[in-house]
Amino acid sequence: MEAQKKCNAALVQIARDLGVGLVAANDVHFLRRSDHEAHDVMLCIGTGKMVQDETRMRYLPELYFKSPAEMREVFRDFPQAITNTLEIGERCYLDLEFGRSKYPEYPVPAGKTREGYLRELCYEGLRARYGERTTTDPELAHRLEYELGVLEKTGFLSYLLIVWDFIHFAKERGIPVGPGRGSAAGSIVAYVLGITDIDPLQYGLIFERFLNPDRVSPPDIDVDFCEARRGEVLEYVRQKYGERRVAQIITFGKLKAKSVVRDVGRVLGWSYRDADRIAKMIPNELNITLDTAVEKNPELKRAVATEPVTRQLFEHAKVLEGLSRNAGVHAAGVVIADRDLSDYIPLCRDVKGNDVISQYPMGPLNDLGLLKMDFLGLKTLTVIEDTLTLIRKREPGFSLKNIPLDDGTAFALYNRGETIGLFQMESGGMTSLSKQFDVKKLDDIIALIALYRPGPMELIPEYVRAKKGLTPIKYLHPLLEDICADTYGVMIYQEQVMAAASKLAGYSLAQADLLRRAMGKKDKEKMAKERKNFIEGCARTNKIPERKANAIFDLLEKFAGYGFNKSHSAAYGVISYQTAYLKAHYPMEFMAGLLSNEINNTDKISVFVGECKRMGISILPPDINKSGLKFTPETVASIDDAGAGIADPGYSAIRYGLAAIKNVGEAAMAMAIREREQNGEFSSLEDFCGRLDSRLANRKMLESLIKAGAFDFTRRDRAELFVSIDDALASSAAMHRDRVAGQVSLFDEQTHAATASRRKVIRSWSEHEKLSYEKELLGFYVSGHPLDAYADVFATKNYRSIASLAEFDDRAAFKIGGAIVQVEKKFTRREGKPFAVIWVEDLTDMLEVVVWNEVYLKVSDALAAGRVVEIKGTLDKRDDALRATALEIRSFTTGKDNAANDRLADTSEDSAVLLQFSSATTGGELRRVRELLVSSPGRRPVQLLFERGNGNPLCLDAGAELRVNLTPDLKEKLSPWLVTSKPATARWDIISQAPPGNSTA
């Protein structure tokens, strides 16, 4: 590098002047010289550039990791520099200490040992959990003593106390904590301490799955907290153990098989479609590599072998595969040490420069003996807590601890597939499985969660047939019946494999856990040894012949690869059941809780609103006088209060939360609600502006509130309210100034503003405009649906509903009818061919549809927002998201419905732009308006409305030469005169083609 040569020459002189030695260093960006091209591609991925871009950043091929001989050759004129480099290297020393615990020690009360304090807490918790049973059931004390003995022997007492402490803190402050997660639910110590809420004895959970005394590795207690308050627990831990001893953990995003193919294809100039074709040939398997994908898919193998460009892509992608793409903060991981973390590991700031995080990810932190914990935020816990808060308004003593665990009404939701909002059950596949599962008890839900994963899904048909009695349940040995009866002869839990090895072959549970791990890793050498031990154990313990023992071992080996941790499944099964119970018995409160926790996700709100409608629960529009910050159950007091679909007063519904409206700040709405509660309801838009701080009641917020219907209580038309915003804000500002000056008007403060707005002539928004605003700001249509007029016609055409497409297989053909909501017109990267991505909705859901060039050229004119169309296409479900490719698109035109479609398609693109002028308008203003109109020619007609002294406005058609394209920039410049909609009810005197600036105007 020329610049480096100049720099080196200067460094020699500087070293002489300062009397210091030279050091030779190698600027390394890739390991081998042959990696230069792949590194160049990686550089383009990181900088968002294309390989063929001549102006982008580049590195020379020389920046690879050179050998000592190469370095001596490069610096042959400065041999001492090489010697100095070696000398510095020899002075450097880093000793990474593995295998020693660096856990902080929990500070116990004065005069107590950790062993004694933990034992005291455990026996206190044992009595609280089991009551009188503690004196009659010796198994409880035996199990507790055994676990405490293992914990003392392995040195994890402080660990348990630390976890107990922060969970105790959370529960004392009302922060919802999950019932358990992972293998910790198998510990009775964790249960009696309140770390978990799952009784391990009731569910047959095994402690050795959590902590194995024969192969000591750190226990792993991950904890779910209410998502909204997880930060409070983390801050408590920071304060308790010291800011410098606690940090969040770094995580690295890797370039995996599919993503690296897409990224490399993009920077090489491939079209999205071409790169996507190759990426979709890679099987959807966890952690699959490119080499494995080529071996598994003959189509991909053929493409790499016969297509030179694909071979080039794969050569680069294989070099880059597995590299770190970016660094982030682990969503839940926290590391805690017994002293300053910088004594053990390097630290850095997160990408935002806020929190200190470790530079090592999870694995190395474990290897170094540091305490690593997961503080997970689980939104479902927040939903449950919000639901309970609403329920307790009418049932103050309600508690989930008191609900029955065998409620048939809750189980029926699973069997009917009504699983929206049910924890772990919302995916289309899980809903389908629950409908065929015939859920009758909590154990069925636990099994559902364990089975629906890659691998165990192969066992589902066998499990369902046996459960329904369609095939007989078979056991290879009678002793297996005790272990597998609850799961109909199918081993779906890791704990069942362990129990089988213990009961049949005499293994201790600790040895059985080691066997399970070995089976899961499929180590042939270990497995041969374990098979011999197992066969000998079966003969010794139960006199099982070798042939039968071999068959049982094969069975265990098969299921060990599929088995799921029952402790985790049981804990999450309980949460799922709780959500089902709440939805079944308190549907209004539960759905309000669900909606409230998605206030920033209008897509999810739309799904939940659809579920409310299916359940017969109506959603009332937002109302500045009735809405809370979040969604709240409400009883309709009169027909006037009713929203769409409510015919009778006294009907319960859910009122839309003000904070869920787009562009409306939560803090501003909280202040508005506080003002309403302290000083009474708002009487008008002007009253609202006058009573709120002018910094909060800004134009953007008021526009959104009006469009969403929050001021409909005033009985004024939304379009009229919209045009009144500026007057209301001006009046409010004047009032605030007068108050500061100590002046009070003799008359009503809002009189002037209201009178001014009444003088304006405003056309009401069309139904389509009104509904579009509702959809934009609320995520769904409140006062109707644009396709209501088409419902009967859609039914006669036998279209599939968009919601039902989730039940179809990948690449299945379909036919739907719906309205185009959004159109994105694009060009393919390689050939520059036009195509489009459109979003289409029907009465049930929305679908993303790709319209490739062949189809696009035939229908491009028909692709406009609001147009009702019929689409034939194929589904694309390979990336876990429902999309489609259009094969044919037809405009929806059937007889009398043409008018309805025309109305729907009558977007703002063709409606008139109305400009309003007062009687004091000057010729200069009119000339300025004319210049603005001329500067932006387009399709939309322009009409001019002049106020006159006799009260009858004069409307002028500006003429064809002044039709415009109303861009955001033009809209802003015309804002002093622009009216949202054209007048409809006033008597007009029409003069055609009188352009602004004409002297006769």
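**Reading a predicted model**

Guide: The buried residues of helix α5 pack against α6 (133-136), α7 (138-154), α8 (157-172), α9 (188-193) and α10 (200-203). Please keep in mind that this is a predicted model.

Visitor: Which residues of α5 are buried?

Guide: The general idea is that an α-helix has 3.6 residues a turn, so residues three or four places apart point the same way. In α5, the buried residues are Tyr-117, Leu-118, Leu-121, Cys-122, Gly-125, Leu-126 and Tyr-130.

Visitor: What span does α5 reach from its first C-alpha to its last?

Guide: With 17 residues, 114-130, α5 reaches 24 Å, close to the 24 Å expected at 1.5 Å a residue. The helix is followed by Gly-131, which has a positive phi near 60 degrees.

Visitor: Is Tyr-488 buried or exposed? And what does Asn-663 count as?

Guide: Tyr-488 has a relative accessible area of 17% and is therefore buried, the cut-off for buried being under 20%. Asn-663 counts as partly exposed, because its relative accessibility is 42%.

Visitor: Let us turn to α24. What does the side chain of Gln-494 reach?

Guide: Gln-494 is in helix α24, and its side chain reaches the backbone oxygen of Gly-563 at 3.3 Å. With residues up to four places away in sequence left out, Gln-494 touches Arg-209, Arg-516, Gly-563, Phe-564 and Asn-565. Gln-494 has a relative accessible area of 12%, so it is buried.

Visitor: Which residues does Cys-538 touch?

Guide: Cys-538 belongs to helix α26, residues 524-542. Not counting residues up to four places away in sequence, Cys-538 touches Leu-504, Ala-505, Lys-543, Ile-544 and Ala-549. Cys-538 counts as buried because its relative accessibility is 0%.

Visitor: How far apart are Cys-538 and Gly-363 in sequence and in space?

Guide: They are 175 residues apart in sequence, and their C-alpha atoms are 37 Å apart in space.

Visitor: Which residues make the nonpolar surface patch of about 370 Å²?

Guide: Leu-11, Ile-14, Leu-18 and Val-20 make that patch. Val-20 lies in the loop between α1 (2-18) and α2 (36-47). Its relative accessible area of 49% is why Val-20 is partly exposed, since exposed requires over 50%.

Visitor: Finally, how is the protein as a whole to be described?

Guide: The protein has 42 helices and 20 strands, and its C-alpha atoms fill a box of roughly 110 × 85 × 65 Å along the principal axes. Of its 1001 residues, 48% count as buried. The protein exposes about 48,900 Å², of which carbon and sulfur atoms supply 50%.

Visitor: What share of the contacts with a separation of 6 or more comes from residues 24 or more positions apart?

Guide: Such residues account for 70% of those contacts in the protein.

Terms used. Residues numbered from 1 in each chain as written. Predicted model: local features only at pLDDT ≥ 70, side-chain atom pairs only at ≥ 80, totals over all residues. Heavy atoms only, no water. Helix = DSSP H or I, 4+ residues; strand = E, 2+ residues; numbered from the N terminus. Expected span 1.5 Å × (residues − 1). Buried < 20%, exposed > 50% of the residue type's maximum accessible area, 1.4 Å probe, protein only. Contact = heavy atoms within 4.5 Å. Patch = residues over 30% accessible without salt bridge, like charges linked within 9 Å, V, L, I, M, F, W, Y side chains within 5 Å. Areas by Shrake-Rupley, 256 points an atom, 1.4 Å probe, with all protein chains shown as cover. Salt bridge = Lys/Arg side-chain N within 4 Å of Asp/Glu carboxyl O. Polar contact = N/O pair within 3.5 Å; in protein donor to acceptor, adjacent residues only side chain to side chain.
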